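Biologist: I'm new to this one, and I'd like to learn how to read it. Could you put it up and walk me through it?

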Amino acid sequence: MQRSAERIATISAHLNPSPSSHQMEGLSAANCRAKGGSPGFKVAIVGAAGGIGQPLAMLMKMNPLVSVLHLYDVANSPGVTADISHMDTGAVVRGFLGPQQLEDALTGMDLVVIPAGVPRKPGMTRDDLFNINAGIVKTLCEGIAKCCPKAIVNIISNPVNSTVPIAAEVFKMAGTFDPRRLLGVTMLDVVRANTFVAEVLGLDPREVNVPVVGGHAGVTILPLLSQIKPPCSFTPAETEYLTSRIQNGGTEVVEAKAGAGSATLSMAYAAVKFADACLHGLRGDAAIIQCAFVSSQVTELPFFASKVRLGRSGVEEIFPLGPLNEYERTGLEKAKKELATSIQKGVGFVKK
Ligand SMILES: NC(=O)c1ccc[n+]([C@@H]2O[C@H](COP(=O)([O-])OP(=O)(O)OC[C@H]3O[C@@H](n4cnc5c(N)ncnc54)[C@H](O)[C@@H]3O)[C@@H](O)[C@H]2O)c1
Ligand SMILES: O=C(O)C[C@H](O)C(=O)O
């Protein structure tokens, strides 16, 4: 008897859908039983209904290390949540819509991935996004400081060279800043570098690993081709071609999309690769090493992307740059000059 009453309630709820995420949860027949019991991490994607957010949500739902997946956006998150929640993988998916649900979306999270904000159109630099995205990232980080101050935070929103310093300042002001837990996602630069280098060398990209240091915009993206694995040498023309293609990979996609946005699918792939590395680190796996834009003493700048080792508390070790050749040393000086301005712009935005 009780079973059929539950079924009738469930069917009636489906016939009267509501936009609220909590009511969306209430619609589920599985709600009658305990769920979310599988061991794993709680992950929130903020900006989950966007070009990156949607495929990222799909890939995170497929990740066996994720037990709970929160999808937050200011628009369209109920639809994306309903869609993703039908995938027969372990993670329990919950949707959150709009600022009044931000705190619920963030509370209890182990990892927060932020692809919220506007993307470039042809002719724009990443810095042209600052005026809109700086405020978005600031508000979201205020929420993180309040609701999940111990979460690992992966920032994708551009300009990463400024949004990461913005996040750091917000956390400092809230008294929650832990440099080990704040990471700017530069994984797409590594993914591109591996792909383009493999193409030139005639290798499988999965066998190539190129460290990319500096930051995530133009000349601040500095591939260290002299440190590639497996060790290989390049002619000066190959070095010039590869460095330029890696530095301009984002623009290549922006132009090809011709006004319809920037990289979303390769970025979702890169973001999930990076988030997965963070989760393996949190789980205590050994030797998890990736490049990321972090609070750093590798150079005189307060933030810099380089190889880091990820562990239970986030960034547990930051590796020095290692020996650079003449071409890379020149590139490093150019990168540092632009990075210093972008970092200062981010810090100044919060301190003003
Ligand atoms: N780090 C990288 O390598 C990298 C790569 C690609 C794109 N990006 C950046 O990622 C960002 C998102 O790109 P996209 O293509 O997904 O853009 P998009 O416009 O398709 O999606 C952005 C999403 O953010 C949401 N959003 C806006 N304001 C929000 C807020 N206050 N809170 C929560 N969500 C909010 C929008 O509703 C939208 O769903 C851009 O800034 C882009 O430049 C970074
Ligand atoms: O290029 C962009 O604007 C998006 C992103 O930073 C990228 O590298 O693809």
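Biologist: In which loop does His216 lie?

Modeller: Helices (H or I, at least four residues) and strands (E, at least two) are DSSP runs, numbered from the N terminus. Here His216 sits in the loop between strand 7 (212-214) and strand 8 (221-223). Before we go on: this is a predicted model, where local features need pLDDT of at least 70 and side-chain atom pairs count only at pLDDT 80 or more, while totals for chains, interfaces and linings use all residues. Residues are numbered from 1 along each chain as its sequence is written, and chains are lettered from A and ligands numbered from 1 in the order in which they are written.

Biologist: Which feature does UniProt place at His216?

Modeller: UniProt positions are given in the numbering used here, feature names are shortened, and annotations may be inferred rather than shown by experiment. For His216, the UniProt record, an unreviewed entry, gives "active site".

Biologist: Is His216 buried or exposed?

Modeller: A residue is buried if 20 or more other C-beta atoms lie within 10 Å of its own, exposed if 12 or fewer, and partly exposed in between, with C-beta atoms placed from the backbone. His216 is buried because 28 other C-beta atoms lie within 10 Å.

Biologist: Which residues does UniProt list for "binding site"?

Modeller: The unreviewed entry lists Arg120, Arg126, Asn158 and Arg192. Take Arg126, in the loop between strand 4 (111-114) and helix 6. Arg126 is buried, as 25 other C-beta atoms lie within 10 Å. Asn158, in the loop between strand 5 (152-155) and helix 7 (160-174), is buried too, with 27 C-beta neighbours inside 10 Å.

Biologist: What is Arg126 in contact with?

Modeller: Contact means that two C-beta atoms, placed from the backbone, lie within 7 Å. Leaving aside neighbours within four places in sequence, Arg126 is in contact with Arg120, Asn158, Pro159 and Ala217.

Biologist: Which residues are around ligand 2?

Modeller: A residue is near a molecule if its C-beta atom, placed from the backbone, lies within 6 Å of it. Around ligand 2, the residues include Arg120, Arg126, Asn158 and His216. Helix 10 (residues 249-257) gives the largest share of that shell, four residues.

Biologist: And how many residues surround ligand 1?

Modeller: There are 32, and the closest are Gly47, Gly50, Gly51, Ala116 and Asn158. The largest share of this shell, three residues, comes from helix 6 (residues 130-147).
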